[in-house]
Amino acid sequence: MLEVKNLHKTFGGFPAVQGISFSLKPGDIFGFIGSNGAGKTTTIRMLATLLEPTSGTATLYGTDILDNPMQIRRMIGYMPDFFGLYDDVKVWEYLDFFASIYGVQKRDKVIDEVLELTDLGIKKHSFVQSLSRGMQQRLCLARCLVHDPKLLLLDEPASGLDPRARAELKELIAELGRMGKIVIVSSHILPELSDFCNCVGIIERGNLLAFGDVASVVRSIRPTKLVRVHCISDLQNLTTMVNQSSKVQKCEKVGDDELLIELLGGDDDQADFLKSMVDGGHRILNFNEDQANLEDVFLKLTTGAVN
Amino acid sequence: MKVRQGPWWEVLITKNPMMAEVTRFRKRFLSIRGSSVAINGGIGIVLVLYALFAMVCVYYRGDIEPIMLLGLFIILMLLAIPLLLHGSISGERERRSWDMLMVAPITHAQIIVGKFMGAFAGLGMAFGLFMIPVMIDAAFHSESQFVNVLLASITVMAQGASLIAMTLLISARVKRPLVALAVSIGVVMIYFVIVPMVMSSASFLLGQFLTTVMSPFLVLFRLTLNTPAHENDYYMVRNEGQSFDVILVTLCHIGYQTILTICLLMWATKTLVFADHEVKFIPKKKKKNHA
């Protein structure tokens, strides 16, 4: 269990993080969203015990990051946004070095396991500098995993990766969540985050504007359902009928034969509404909900201001 | 942010996970199977030079003052240590691998001692190889006293230790490896060229004892002359009025270098604290406005 309590960080009088609080449970994959300079990296670095919070704190399974940072470091795996590897060593030597620092027992076995998990087994004896960017990202993730951490802090893990490497990384992160680890991922690639994160937080100028599971965060910005109706019969009649419905908040004509309708209520109301249109003799070619996504939420909640 | 888990020697030496640096240093600089062409080429050149040096020592065995050969090793150290170690911390910062160490469950002192021991073990290995032809020469040298050779060897290693500590400190205090290299060479120049010149010109005030204690070259020179055959040498006669025990001077020098090494390492450990706060978002001008 990770509990972040009113975390503040000020640099020379300038507030970079202003009272962030949230909590995550094992298996949670938390997408941390924000513009550049919003405070994501500062928050992650505080959780990684690299920066001391100005005030507030966080606890991981009851251990406070301020009171016992060494204990915390044993429980976290941190992957920075920009990182370098020791390029003069081989893949297994790199992992062995960090495994020895973390005091891992049976290092050979553990290294083989994390290499298999990150699909780098074939590169075990290659020099680190010979790896592609995507492989280096995976190696960095493997390094984070050698000591079996409970919390993974991944700062922009997908930056600079090609689509295939991104897909592989996404699958790997989802697998880590299934293994019961708490994963915090910061990213700009919002559609991808919504694919594998079960909760998200949106940060701007050091303030957490929204936090929760993806569906609830999306609902928070759009309580109504937005439905797009493609009708091949008389659109005027349909518009009149739709406007008379108590469930419709707003109806707007889009193009020659389409309506964009804001509906109140849940899924049942949506189904009833479709049935009433068909029963009214209207020929509906297409009826689909225009679902809000994280990008809409992000654009609606944030102003683009940065620290 | 420091947790001590036992006696200092366990925390810093016997149970220090950063001792893995010893292996890393050896693989990086003392192995020809590494990935770096530059380092492999450098090792190749050094091996050729070493072979030549060994041949000269064996051919002229008994004719070359073995202790003076150790002066050659000090000169090599003055060049090699800053060259090899300037990036040990600043280089990690530059290539962004430093954060990985900082989030590991180890103290700053463990990091510094680990890096120091890695370099010192490498130095010891190089010195051991260097000493093979020197010892062959010493065995045949009629005036050699092995106590003097032993003391000279410890003097060289003590000097090497303080040089490593100094380079680590500079590497910890600056952000860019090239700056660290320039500063290290500058400090070496000041300490081994300018300071001896100043001290030698002021030796009438400071005395021969202090001047000698400060300089490893003078210590080696004194040890070379510390044989019955050199009793009537010009240098010994000239300093007759200020004669002192060479063994004592050497031990004082070793003690001085050891204390200097410990102080520099402690300073480097304290210096690492600023790396915790190295993320700076606000330029100085803006900072002033906010203040």
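Let's start inside chain A, where A:Ile173 sits in helix 6 (residues 163-178). Helices here are DSSP runs of H or I with at least four residues, strands are runs of E with at least two, and both are numbered from the N terminus. A:Ile173 is buried, at 2% relative accessibility; buried means under 20% relative accessible area, exposed means over 50%, and partly exposed covers what is in between, using a 1.4 Å probe and protein chains only. Leaving out residues up to four places away in sequence, A:Ile173 touches A:Ile29, A:Leu154, A:Pro157, A:Val183, A:Val185 and A:Phe196, where contact means heavy atoms within 4.5 Å. By contrast, A:Ile221 is 48 residues from A:Ile173 along the chain, and their C-alpha atoms are separated by 27 Å.

A word on what you are looking at: this is a predicted model, in which local features need pLDDT of at least 70 and side-chain atom pairs count only at pLDDT 80 or more, while totals for chains, interfaces and linings use all residues. Residues are numbered from 1 along each chain as its sequence is written, chains are lettered from A and ligands numbered from 1 in the order in which they are written, and side-chain values use heavy atoms, with hydrogens and water left out.

Now step back to chain A as a whole. Its secondary structure comes to 11 helices and 14 strands, and its C-alpha trace spans about 75 × 50 × 30 Å along the principal axes. Of its 307 residues, 53% count as buried. Taking the contacts in chain A with a sequence separation of 6 or more, 69% are between residues 24 or more positions apart.

Helix packing comes next. Two packed helices are described by the angle between their axes and the distance between the axes. In chain A, helix 3 (residues 91-101) and helix 5 (residues 133-145) pack at about 30°, with their axes 9 Å apart. The axes are lines fitted to C-alpha atoms, for helices over the stretch in contact, and the angles run from 0 to 180 degrees between N-to-C directions. That angle makes helix 3 of chain A roughly parallel to helix 5 of chain A: the label applies under 35 degrees, with roughly antiparallel over 145, roughly perpendicular from 65 to 115, and oblique for the rest. Helix 3 of chain A passes helix 5 of chain A in a right-handed crossing, the term for a near helix turned clockwise from the far one by less than a right angle, with anticlockwise giving left-handed. Helix 3 of chain A contributes A:Val91, A:Tyr94, A:Leu95 and A:Phe98 to the contact, and helix 5 of chain A contributes A:Leu139, A:Ala142 and A:Arg143. By class, this contact has six nonpolar, no polar and one charged residues. Ala, Val, Leu, Ile, Met, Phe, Trp, Tyr, Cys and Pro count as nonpolar, Asp, Glu, Lys and Arg as charged, and the others, Gly among them, as polar.

Some loops of chain A are worth a visit too. A:Thr49, in the loop between helix 1 (40-47) and strand 4 (55-60) of chain A, has a positive phi of about 65° although it is not a glycine. A:Thr49 is buried at 2% relative accessibility. A:Arg205 also has a positive phi, near 45°, in a residue other than glycine. A:Arg205 lies in the loop between strand 9 (199-204) and strand 10 (207-212) of chain A, and is partly exposed, with a relative accessible area of 42%.

A:Arg73 is buried, with a relative accessible area of 4%. A polar atom of its side chain lies 3.3 Å from the backbone oxygen of B:Met102.

Chain B has 15 helices and zero strands, and 47% of its 291 residues count as buried. Here, 79% of the contacts between residues at least 6 apart in sequence join residues at least 24 apart.

Chain B has a helix pair of its own to look at. Helix 2 (residues 20-29) and helix 7 (residues 108-140) of chain B pack at about 45°, with their axes 7 Å apart. That makes helix 2 of chain B oblique to helix 7 of chain B, and helix 2 of chain B passes helix 7 of chain B in a right-handed crossing. By class, their contact has six nonpolar, three polar and four charged residues.

Technical notes. A polar contact is a pair of N or O atoms within 3.5 Å; within protein, one must be able to donate a hydrogen and the other to accept it, and residues adjacent in sequence count only if both atoms are side-chain atoms.
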